[in-house]
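User: Please take a close look at one part of this model and describe the packing around it, then the contact between the chains.

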2 protein chains.
Amino acid sequence: MQELEPERIARLEEDGPRVVLLDQRLLPYEEVDLVCTTAAEVADAIRTLAVRGAPAIGVAAAYGLALTALRGDDLAEAERELASSRPTAVNLFWALEQMRADPTPERARALHREEVERCHRMSAHAAELFEPGTRALTHCNAGGLATGGYGSAVGALRTAWERGLLASVLVDETRPLLQGARLTAWELEHAGIPHAVIADSAAASLMARGEVDLIVAGADRIAANGDTANKIGTYSLAVLAAHHGIPLYIVAPSSTIDLATASGDDIPIEERDGSEISTRFTARNPAFDVTPAALIAAIVTEDGVHRPPYAESLAPVGAAA
Amino acid sequence: MQELEPERIARLEEDGPRVVLLDQRLLPYEEVDLVCTTAAEVADAIRTLAVRGAPAIGVAAAYGLALTALRGDDLAEAERELASSRPTAVNLFWALEQMRADPTPERARALHREEVERCHRMSAHAAELFEPGTRALTHCNAGGLATGGYGSAVGALRTAWERGLLASVLVDETRPLLQGARLTAWELEHAGIPHAVIADSAAASLMARGEVDLIVAGADRIAANGDTANKIGTYSLAVLAAHHGIPLYIVAPSSTIDLATASGDDIPIEERDGSEISTRFTARNPAFDVTPAALIAAIVTEDGVHRPPYAESLAPVGAAA
């Protein structure tokens, strides 16, 4: 598998009807389809992380609304259920908005296809930031699994690799749910890109040893001023990167930019159950953090490489534009 | 259990003879003794982390040499085996040196008792750095398990708690082997100190939220200039703490200071097997990192609170002095 087929990650089968999702909780050990026959089941798949990654959540929600229409169920109720599944990624709300006027299978499939096309375009732009021999580091999974196909930050790595610009990738394992160790490493292995998984806390010392040239990460929501919510640990990497003079690039589709959110302070941060960290002791489990725009060297979308000040460079790009 | 009894962590039984270690790999789920009847078995217990923590490794090695003498085995060979078990913690080599002239059970027990006494004294000094309501963060396990009793950084937390100066503790889970989530949380629970385990990568965002007043960590080796090797992730915390204006304190016995090592560049860093990170994909697993002295607000030993410049303040304290 050079590239994960989009319909393997998420699809709508009208004969049923049903939404079929590749269950990301079981990867890389098992490749199992999760079948959802109602929007409530799709919402549950999002809530329990069977499907995760901001753009992929949006795609799944779009299929969930189309499924609802095919079944003749209450669309407003389905939208409420899907919208309440996870709070941070804005792509979910964007996709529901996109589907409202035309909740058909065709529209959902077009939305999915367009997200994957955006990935290819942003990855081509992001690859311009790589030089021959680049040693990259990435966090969580901003891969094909997270976007419905090809990937955002991992898409950038794919394109840089195809252009001969990428030497190797350090993959933060990304506790607590190990999206890096399970999903990104799996995608890089299939793509034939040299990689090594590391403990999240080892990134700093590998930066200090001079083994990291740049960092690429995805995003769950980008505020109008460029502040970016992403998987817990991204802010940590951003501070460490600044200390070591290493650029951090955010790679994400325009559907992740939320011009209605002024700054990171206004982004709701999901606190997940502590049992994801420890089943024996009390734990705290913020699932995301916010990286201030000042620590981000560039934000790359399908429209190009956007530089600070982001209030200006993102204004023509965002989903609310 | 308010305080873990030193002889529960490590002891020598002359009737046997045998060294009995509490197997730290199984905590907090099972409390199982590991019985070693030769120095080679003690070395293996150190290598496989049944006993870990720089001072506790030294204590186990001391008992291993006394065991060798009781058995009438070759002391030079036993010392070689013990010395090769792990490279980074200097306490191992210090303890072997201490035992060479007098490899008796009495000397080993005195060394153990003295390490625990040092913990109480350094903890009293370190508690002076706390103010009422302090919210601390700690990494890995610098507790009684790591020192043979009471603890260094966790000892500081115990004493601060007894003095009414400590509000709560955030515990880095400390991947890959979860010494924080397994051992430190267990010790804090028994001591009745409020705590919450967090993913290592969440520390930065909790600092940014203003929820961390200070950080305490132990050490595996402190160079003459104050550069400090400790569990992977300590350097990461140090950079993050500096960014947020939070002091990082190292709490360790003088047996951890190695005046023969000029700077952190000269400290050997153990690379452990990648399978501790991932059994499915290639992984890199540096077990320690080096925090430059400039990022350490103070180094606390049984002799007091030492401030920069450490080349001066540590010179009268170090093990080689």
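Which residues is B:Ile215 in contact with, leaving aside its neighbours within four places in sequence?

Analyst: This is a predicted model, in which local features need pLDDT of at least 70, side-chain atom pairs count only at pLDDT 80 or more, and totals for chains, interfaces and linings use all residues. Residues are numbered from 1 along each chain as its sequence is written, chains are lettered from A and ligands numbered from 1 in the order in which they are written, and side-chain values use heavy atoms, with hydrogens and water left out.

With those neighbours set aside, B:Ile215 is in contact (heavy atoms within 4.5 Å) with B:Leu137, B:Met207, B:Leu237, B:Ala241, B:Ile246, B:Pro247, B:Leu248 and B:Tyr249. In the largest nonpolar core, which has 66 residues, A:Ile215 and B:Ile215 touch the most other members. Such a core is a set of buried Ala, Val, Leu, Ile, Met, Phe, Trp, Tyr and Cys residues joined through side-chain atoms within 4.5 Å, where buried means under 20% relative accessible area (1.4 Å probe, protein chains only). A second, separate core has 42 residues, among them A:Met122, A:Leu145, A:Tyr150 and A:Leu188.

As for the contact between the chains, 42 residues come from chain A and 42 residues from chain B. The buried area, the accessible area (1.4 Å probe) lost by the two parts on being put together and summed over both, is about 3,600 Å². Carbon and sulfur atoms give 59% of this area. Eight salt bridges (Lys or Arg side-chain nitrogen within 4 Å of an Asp or Glu carboxyl oxygen) are counted between chain A and chain B. One of them joins the side chains of B:Arg280 and A:Glu189, at 3.2 Å from N to O.

How values were computed
Buried means under 20% relative accessible area, exposed over 50%, partly exposed in between (1.4 Å probe, protein chains only).
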